[in-house]
Amino acid sequence: MKTICLFFQVHQPFRLRRFRFFDIGNDQYYYDDYLNESVVRKVANHCYLPANEIILDLIKKHQGKFKVSFSISGMALEQFELYAPEVLESFRKLAQTGQVEFLAETWAHSLASLKDREEFEMQVKMHAERIKTLFGQEPTAFRNTEHIYSDEIGAMVADMGYRVMLTEGAKHVLGWKSPNFLYANAINPKLKVLLRNFKLSDDIAFRFSNKSWNEWPLTADKFVSWINTIPPREEVLNLFMDYETFGEHQWADTGIFEFLRALPAIVFDKSTYQFSTPSEIAEKLYVVSAIHVPYPISWADEERDLTAWLGNPLQEEAFNKLYSLKDKIRNLDDPGLKKDWYYLQNSDHFYYMCTKFFSDGSVHSYFNPYNSPYDAFINYMNVLSDFMIRLNAALPSTSEEKELARLYQMVREKDEVIKKYEEKIRMGARKPASRKPAQKKVSSRKKEGTGTTRKPSGKKTGEKSASDVRKKSGKKAPTTGKSSGTRKKSSK
Amino acid sequence: MRVLMFGWEFPPHISGGLGTASYGLTRGMSTLSDVDVLFVVPRAYGDEDQTAIRLIGAGDIPITRKRLDIESFRKKFDYLEVASHLIPYMDPKEYEKIHSREEAGNKRFLHIDEEGRIVFSGEYGPGLLDEIANYALVAGIIGRDEEFDLIHAHDWLAYPAGIAAKMASGKPLIIHVHATDFDRSGGSVNPDVYAIEKRGMEAADRIIAVSNLTRSIVIEKYGIPPEKVVTVYNAVEPLEDHKPMGLRKGVDDKIVTFLGRITMQKGPEYFIEAAFRVLKKMRNVRFIMAGSGDLMEKMILRAAQLRITDRFHFTGFLKGDDVFDMLRMSDLYIMPSVSEPFGISPLEAMQSNVPVIISRQSGVAEILTYAIKVDFWDIDAIADSIYGLLNYPALSTMFKKYGKIEVDNLRWDESARQVRDVYYDVLNQGKS
């Protein structure tokens, strides 16, 4: 059996708003609603809605033979709910056909797999549950953020009960081997691994509309003639790409939708290939060997490694600062902070800080709200600083508890002072200047004195006014309340 | 190939970027075996570094043996009034001089010493326009007497000299635009300076601009055909071994430095406003405005008005080693220029391992990657960048490490090679 595995990533980050340092401690909202909404609306109209419609038609037309799979990040799901509920509805329709598999991933489209197992597992669980409620499927296949994979991550995923995982067919991992086989995790062979055929995937995703490409224009016929040249023993062709390829990266007028519409029929007519979902493939095909991936790989940039997110000191710093908070978060029960915690883990924030200016700069600038990676870093760190303040306020450790208590006390004291002054103003209004000026002076001074005594807690009124006087006169004053009165006069 | 080059100043007698750039370029050219430079300045002091080139002062050329065509040049320039913003670079000493000399009035006669040489001050005084005219006069004589293949004139003060030499010799003229009056004046251009600049650009066979920013000003504001203007970026001299500092940092606070003439072009007010915003949020930082200029008093007043003078300091004009010491003390260098044709000073800061924030309206922003670029008017963005660099150490660590490498790769010999390519291009064009 020869089969094609069509997989699409659907993801939209919650992009941060411009958060200046003077907002730290003053503002708690971090997201650029306008930008996020307009991007989601735009991509929904250009891509998600028309592409879903075509796929639905194709599934109906080919009666059970055409199959696709999706991984929709939690961030995208939330934004669809907020800004484009009809997109969710159209995915639900796809789910109802039974020909579409939805994969699990991390809820926050995060890099948690690289840092913290507990956090990772929790996010995967969150995502899987949400997929179940939305689409009625319990995911059995897994796809990590940006196809990040290593032997250890695979083993972790296997432990969570997943049977198959998708990743990149990175050259430096495969060497002479072909991605067109079913592989298994090197630590736990129960987990099957599907590797992306990046040549044929990128012919569609990146090169489709490139007129200087010598294969332009790419038609479904031509594509099928290519896949027919794949040796017969190589059983699976993994075409993984961003769903935004259809209508957004490649605009509708490039003919990308026509390509999608024509492909299945030509595959069935002119080749022996079928379409399958990842879980079906894991079930039906035999594993040829284990794949050894000691260091994490991904599907990003030329290097196919982590350098797009964790390749420079800025990214490392932001990443480490963020995950230094994880223990605190675990004891937290504040839905607002939790939500921000997930949104801030989104891998895109780190992607924007990438300084590989030359080789992949253009891809990094796609929907990038920042002028420069430094700008992205500073903005993110400002937000993170504010988040840390809020987190510490919600969960004070011992030294901070004290500080906080002190601050609360200060606020209370100031309230009292304000009350006092208000009273004074009211009294002043009620009793106009009928009194003698001398008397008035004394009374007002008295009030000021008592007002200030509220500040330090344990001290008594008499002592305090004495120390006040000491400051005024610049001489050492006796501490008894009685003599302070005389000092007052002399200092006047 | 022999090049006759006209400049206005040459180290150590400089007051701004023009002298530094001309010097660097000629140093770079000395590495090229096929280019020989004769550099002319109005006044040579005799202590200039002549290892790279032959330097002559126009004041050393006797003119008595020629029939003087003084009138034609004088007519063109002698009606100019000297307005203070016309003067590109000024230190306090010269500022004083201008005030005291204004009284003397405009005397219109040619100072010639007993050997028939014109006396040049070589400074930016009220006699500037006379000097430019006289300089051109002598340039014409040099143009007739010296052997060379082409003429290269630096900035507007030397354009008339270049034109005169071209008229005398018929050799091609290249002018090098280090700045235009649009940069210096902040938009309110002196029409007479503009006329000199435009005349130079039109007379030139090719124009070298120090950045694409300047190139587009030359094309758009002076109406020069784009194919005539090429960009050659400036570079920076490698840092010499520097003795331990004379000045010492006496505080633990972070230091953020602005270093340059305090004039409208450099955007000092944006620095103060940004400092004010940063000081509202953090205290362990001090801001230094080093330099002097016509806006200095206004800036001191503004700082006082904002009540930040306990954290915002003015050093006045810094000279020589003090500049390096100031840079080495700094944790951050900022150049919020409103219009900066190139801007060598951030490169010098980066050589001293100081992270930089530069305005996007500067030529140097076109070639630097390890620097934060902001719009000069975006005070919030400047403040945010300052805060970020001081509070998130990963950023400054990265800038120090990679910025140094980046700036070490900006070498004058590379710029000189590009200028040489322009020379050959112009000479070949003349032949065909």
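Student: Which strands of chain B form the open sheet of six, and in what order?

Tutor: This is a predicted model. In chain B, the order of the six strands is 10-9-8-11-12-13, and their pairing is parallel.

Student: Why are strand 10 and strand 13 of chain B called edge strands?

Tutor: Strand 10 (312-316) and strand 13 (372-374) of chain B each pair on one side only, and therefore they are the edge strands. From one strand to the next, the twist averages 20°.

Student: How do you know that strand 9 and strand 10 of chain B pair?

Tutor: Pairing requires at least two bridges between two strands. Strand 9 (residues 285-290) of chain B is joined to strand 10 of chain B by four bridges, so the two strands count as paired. They run parallel. Within this pairing, F287(B) has F312(B) of strand 10 as its bridge partner.

Student: What does helix 11 of chain B touch on the sheet?

Tutor: Helix 11 (residues 320-329) of chain B touches strand 8 (254-259), strand 9, strand 10 and strand 11 (332-335) of chain B. The direction of helix 11 makes about 140° with that of strand 8 of chain B.

Student: What is the order of the seven strands in the other open sheet of chain B?

Tutor: Their order is 3-2-1-4-5-6-7, and the pairing is parallel. The edge strands are strand 3 (54-57) and strand 7 (229-231) of chain B, each of which pairs on one side only. The twist here averages 25° from one strand to the next.

Student: How do you know that strand 1 and strand 2 of chain B pair?

Tutor: Five bridges join strand 1 (residues 2-6) to strand 2 (residues 36-41) of chain B; at least two are required, so the strands are paired. M5(B) stands opposite F39(B) of strand 2.

Student: Which strands of chain B does helix 5 lie across?

Tutor: Helix 5 (residues 155-169) of chain B lies across strand 1, strand 4 (150-154) and strand 5 (173-177), and runs at about 165° to strand 4 of chain B. Helix 8 (residues 212-222) of chain B also packs on the sheet, where it touches strand 5, strand 6 (206-209) and strand 7 of chain B.

Student: Why is the pair D384(B) and R20(A) called a salt bridge?

Tutor: The closest N and O atoms of D384(B) and R20(A) are 3.4 Å apart. The limit is 4 Å, so the pair qualifies as a salt bridge. The rule finds two salt bridges across the interface of chain B and chain A.

Student: What kind of peptide bond joins W216(A) and P217(A)?

Tutor: The bond is cis, with omega at about -5°. P217(A) lies in the loop between helix 7 (198-205) and helix 8 (220-227) of chain A.

Technical notes: Residues numbered from 1 in each chain as written. Chains lettered and ligands numbered in written order. Predicted model: local features only at pLDDT ≥ 70, side-chain atom pairs only at ≥ 80, totals over all residues. Heavy atoms only, no water. Salt bridge = Lys/Arg side-chain N within 4 Å of Asp/Glu carboxyl O. Axes fitted to C-alpha atoms, helices over the stretch in contact; angles between N-to-C directions. Contact = heavy atoms within 4.5 Å.
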